[in-house]
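Good morning, and thank you for coming. Please look at the sequence and the structure as they come up, and keep both in view while I speak.

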Amino acid sequence: MKRALAAVVALTVLAACGPTPSTPGAGAGAVPGADQLAACPPAQSRPPVSNGLPDITLPCLGAGPDVRLADLRGPLVINVWAQWCGPCRDEAPYLAALQKKAAGKLQMLGIDYVDPQAELAVQFALKHELTYPHVVDSEKLVRKPFKVGGPPVTVFVDKDGKFTLHNGVLTSQEQLDQLVKDRLGVAL
């Protein structure tokens with residue numbers, strides 16, 4: 001009887017250690033609405049490049065595999081954001097418009113930065129029509145390589161995997177479109 005009780009207690013403790021719906025990066029099945037975001041695509045494994053994206057792997061906010069940033073190549077726009085960030089709300093319409101205008105010309109990826117509630121992050125992305133793939137950085141892994149004092153930060157990745165940064169809020173669609181043209185050579 002004692003062994004059976006001990007086994008039940010052990011299984012209960014182990015079950016409690018698993019992912020919960022509010023665990024960032026728990027996947028589309030665990031976070032309500034995450035299945036409406038684009039799945040994180042698999043990427044070909046590549047060696048990191050000098051002045052390139054950091055060798056950091058982040059879990060997908062929605063469906064799809066974890067994403068190793070060093071594997072990514074552009075043209076790609078990465079936006080570091082959080083649902084609790086006021087300036088992120090201000091620039092969200094510009095990113096949503098870029099996603100629509102640039103379909104087929106460049107890729108987009110969001111990094112949900114230090115967000116304590118995955119449900120609210122998904123709601124933010126859906127409300128602002130940021131339906132491209134998003135990964136989760138709950139441990140501030142991109143803080144140093146992307147010089148994140150706080151979100152938002154926008155990262156422009158060229159075809160070779162090298163990146164440049166725009167720290168701070170994007171203030172207009174024209175500004176974002178010009179940054180994409182200047183840094184990635186993509187005219188919209």
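**A walk through the chain**

From the N terminus on, the elements of the chain run α-β-β-β-α-β-α-β-β-β-α. That makes four helices and seven strands. Please bear in mind that what we have here is a predicted model.

Let me give some overall values. The chain has 188 residues, and buried residues make up 44% of them. The chain exposes about 9,500 Å², and carbon and sulfur atoms supply 57% of that area. Consider also the contacts between residues at least 6 apart in sequence: 73% of these join residues at least 24 apart. I shall show several such links in what follows.

In which order do the five strands of the open sheet lie? The order is 5-4-3-6-7, and the pairing is mixed. Strand 5 and strand 7 are the edge strands, since each of them pairs on one side only. On average, neighbouring strands of this sheet are turned by 20 degrees against each other, direction ignored.

Let us look at one pairing in detail. Strand 6 and strand 7 run antiparallel and are joined by five bridges. Thr154, for example, stands opposite His166 in strand 7. Against this sheet packs helix 4, residues 173-184, which touches strand 3, strand 6 and strand 7. The direction of helix 4 makes about 35 degrees with that of strand 6.

Strand 6 and strand 7 also form a hairpin, with five residues between the strands. Within this hairpin, Gly161 takes a positive phi near 90 degrees.

Gly161 leads us to another glycine, because Gly161 is among the residues that Gly52 touches; the others, beyond four places away in sequence, are Lys162 and Phe163. Where in the chain is Gly52? Gly52 is placed in the loop between helix 1 (2-16) and strand 1 (57-58). Is Gly52 buried or exposed? With a relative accessibility of 15%, Gly52 counts as buried, because the cut-off for buried is under 20%. Gly52 and Asp160 are 108 residues apart in sequence, yet their C-alpha atoms are 8.0 Å apart in space.

Next come the aromatic residues. In general, a pair of aromatic rings is described by the distance of the centres and the angle of the planes. The structure holds two aromatic pairs. One of them is formed by Trp81 and Phe124, and this pair is stacked, at 5.0 Å centre to centre with 15 degrees between the planes. Trp81 lies in strand 3 (residues 76-81) and Phe124 in helix 3 (residues 118-127), so this pair ties together parts that are 43 residues apart in sequence. Both Trp81 and Phe124 are buried.

Phe146 comes from the loop between strand 5 (134-137) and strand 6 (153-157), whereas Phe163 belongs to strand 7 (residues 163-167), and 17 residues separate them. Phe146 is buried, at 0% relative accessibility.

Now to a charged residue. Asp71 is in the loop between strand 2 (67-68) and strand 3, and is buried with a relative accessible area of 9%. What does the side chain of Asp71 reach at 2.9 Å? It is the backbone nitrogen of Arg46. A polar contact of 2.2 Å also joins the side chain of Asp71 to that of Arg68. Leaving aside neighbours within four places in sequence, Asp71 is in contact with Ala43, Gln44, Ser45 and Arg46.

Finally, I come to the segment after helix 4, where Leu188 has its place. Leu188 is partly exposed, with a relative accessible area of 39%. Beyond four places in sequence, its contacts include Leu98, Lys101, Ala102 and Lys105, and also Asp177 and Val180. Leu188 and Lys105 are 83 residues apart along the chain, and their C-alpha atoms are separated by 8.5 Å.

Thank you for your attention.

Definitions and conventions: Residues are numbered from 1 along each chain as its sequence is written. This is a predicted model: local features need pLDDT of at least 70, side-chain atom pairs count only at pLDDT 80 or more; totals for chains, interfaces and linings use all residues. Side-chain values use heavy atoms; hydrogens and water are left out. Helices (H or I, at least four residues) and strands (E, at least two) are DSSP runs, numbered from the N terminus. Buried means under 20% relative accessible area, exposed over 50%, partly exposed in between (1.4 Å probe, protein chains only). Contact means heavy atoms within 4.5 Å. Accessible areas come from the Shrake-Rupley method with a 1.4 Å probe; for residues, only the protein chains shown count as cover. Rings of Phe, Tyr and Trp (its six-membered ring) pair if their centres lie within 6.5 Å; planes under 30 degrees apart count as stacked, over 60 as edge-to-face and the rest as tilted. Two strands pair if DSSP finds at least two bridges between them. Axes are lines fitted to C-alpha atoms, for helices over the stretch in contact, and angles run from 0 to 180 degrees between N-to-C directions. A polar contact is a pair of N or O atoms within 3.5 Å; within protein, one must be able to donate a hydrogen and the other to accept it, and residues adjacent in sequence count only if both atoms are side-chain atoms.
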